[in-house]
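Please find below a short note on the model under review.

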Amino acid sequence: MDSRIRNIVNVEVGDLVELVPMPLSYPIYDEVYQDVGVGLVIKVVEEYTFLPPIDEEAGNEDGRVETIKMCLVFWNRCAEYRWEFPEDLGILWTSSRGANE
């Protein structure tokens with residue numbers, strides 16, 4: 001399992017972000033497709049989802065509820081809005097840290 005899946009990324013509305021190298025959401029695309037430029041986080045949503053059992057044969061028959069977080073990002077180079085996983089984003093500037101400085 002990729003270690004980035006468990007990384008906690010605190011992306012907030014108004015943050016300027018970029019895609020990290022080899023993002024989890026785009027493993028089959030080349031670097032040209034991933035070169036979307038700098039993005040502005042427009043919306044952050046968080047939902048609960050039920051995940052089925054990982055390995056029923058090993059005795060783990062219960063599923064689990066986990067939180068899935070997604071960010072709506074406007075990308076400047078391609079001029080598109082896209083939903084991204086926070087783990088795929090690198091924060092370039094955040095309004096919360098900027099306000100504290």
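1. The coordinates are those of a predicted model. Ala 79 lies in the loop between β3 (64–75) and β4. Its phi is near 55°, a positive value in a residue other than glycine. Most residues other than glycine have a negative phi.

2. As to the overall layout, the protein chain has 2 helices and 5 strands. Read from the N terminus, the order of these elements is β-α-β-β-β-β-α. Of the contacts in the protein chain with a separation of 6 or more, 59% join residues 24 or more positions apart.

3. On burial and surface, 26% of the 101 residues in the protein chain are buried. The protein chain exposes about 7,200 Å², and 53% of this area is supplied by carbon and sulfur atoms.

4. Which residues form the nonpolar patch on the surface? The members are Leu 16, Val 38, Leu 40, Ile 42, Tyr 81, Leu 92 and Trp 93, and together they have about 620 Å² of accessible area. Two elements, β2 (39–51) and β5 (89–93), each give two or more residues to this patch. Tyr 81, another of its members, is placed in strand β4 (residues 80–84). With a relative accessibility of 56%, Tyr 81 is classed as exposed.

5. Is Thr 94 buried or exposed? Thr 94 is buried, because its relative accessible area is 4%, under the cut-off of 20%. This residue is located in the loop between β5 and α2 (95–100). Leaving aside residues up to four places away in sequence, Thr 94 touches Glu 12 and Asp 15. With Asp 15 there is also a polar contact, side chain to side chain, at 2.6 Å.

6. The cysteines deserve a separate comment. Cys 71 is buried, since its relative accessible area is 0%, whereas Cys 78 is partly exposed at 29%. A disulfide is a covalent bond between the sulfur atoms of two cysteines. How many disulfides does the count give? The count comes to 0 disulfides, the criterion being a pair of cysteine sulfur atoms within 2.5 Å.

Technical notes:
Residues are numbered from 1 along each chain as its sequence is written. This is a predicted model: local features need pLDDT of at least 70, side-chain atom pairs count only at pLDDT 80 or more; totals for chains, interfaces and linings use all residues. Side-chain values use heavy atoms; hydrogens and water are left out. Patches are made of residues with over 30% relative accessible area and no salt bridge: like charges are joined within 9 Å, nonpolar side chains (Val, Leu, Ile, Met, Phe, Trp, Tyr) within 5 Å. Accessible areas come from the Shrake-Rupley method with a 1.4 Å probe; for residues, only the protein chains shown count as cover. A salt bridge is a side-chain nitrogen of Lys or Arg within 4 Å of a carboxyl oxygen of Asp or Glu. Helices (H or I, at least four residues) and strands (E, at least two) are DSSP runs, numbered from the N terminus. Buried means under 20% relative accessible area, exposed over 50%, partly exposed in between (1.4 Å probe, protein chains only). A polar contact is a pair of N or O atoms within 3.5 Å; within protein, one must be able to donate a hydrogen and the other to accept it, and residues adjacent in sequence count only if both atoms are side-chain atoms. Contact means heavy atoms within 4.5 Å.
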